[in-house]
Amino acid sequence: MLNEKKERVIMGIDPGTAVMGYGIILEKGNKTELISMGVVKMTHLDDPFLKLQRIFEKTAVLIDQYKPDVLAIEAPFYGKNIQVLLKLGRAQGIAIAAALSRNISVTEYSPRKIKQSITGSGNATKEQVAAMLQRLLNFKETPAFLDATDGLAVAVCHSFQKITSGGKSKTYSGWESFVSDNKAKVTGVKKAGSKLKG
């Protein structure tokens, strides 16, 4: 019990072939702190395989720099265009491969699950997710690309799934159950289901 790990670094990735968003947080007991967030741009690259190489390399560099305990990644969503889904799947797969090459465990979450765990609504907009993250993690700057807060949302979603306290793990079924057990942690946040200002 004494040597149980009290801190955990979680890296979240929102994969993309044009822009990949990432966020890294530190769990300290019941507190969560923002370590870093940002984007990896691939808009200047035309070759799809060079884009995949950049995703792999940048993910590996971030892992080496921040030494996360786990990688949480957003699952590709099925749209009307199968080619877009294929590209997103490749981007996700190559980021997962980078984590596995560093012996980092990977957990995948659907876009709906991520939005629901952050805002209480699976239909929340990117702006609403970003606004809630600003309140939860106490940062004011709004990233130029919402892909950065999307990556951060994946990390926070993973943190919400299992929060360790007093040597016992607790799994939350959603935002409401997390809020009811962590009132001090989410002060100033509007009730779940209320509209957020973007």
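1. Read along the sequence, the elements run β-β-β-α-β-α-β-α-α-α-β-β-α, giving 6 helices and 7 strands. Helices (H or I, at least four residues) and strands (E, at least two) are DSSP runs numbered from the N terminus. Please bear in mind that this is a predicted model, where local features need pLDDT of at least 70, side-chain atom pairs count only at pLDDT 80 or more, and totals for chains, interfaces and linings use all residues. Residues are numbered from 1 along each chain as its sequence is written, and side-chain values use heavy atoms, with hydrogens and water left out.

2. Of the 198 residues in the protein, 43% are buried, meaning under 20% relative accessible area (1.4 Å probe, protein chains only). Among contacts (heavy atoms within 4.5 Å) between residues at least 6 apart in sequence, 59% join residues at least 24 apart.

3. Now to a helix pair worth a look. Helix H1 (residues 48–66) packs with helix H2 (residues 82–101) at an angle of about 35 degrees, their axes 8 Å apart. Axes here are lines fitted to C-alpha atoms over the stretch in contact, and angles run from 0 to 180 degrees between N-to-C directions.

4. On the H1 side, the residues that meet H2 include Leu52, Ile55, Phe56 and Ile63; their H2 counterparts include Arg90, Ala91, Ile94 and Ser101. The residues of this contact divide into 11 nonpolar, 2 polar and 1 charged. Nonpolar covers Ala, Val, Leu, Ile, Met, Phe, Trp, Tyr, Cys and Pro, charged covers Asp, Glu, Lys and Arg, and the others, Gly among them, are polar.

5. Val61 also lies in helix H1. The C-alpha atoms of Val61 and Ala98, 37 residues apart along the chain, are separated by 9.3 Å.

Methods:
Buried < 20%, exposed > 50% of the residue type's maximum accessible area, 1.4 Å probe, protein only.
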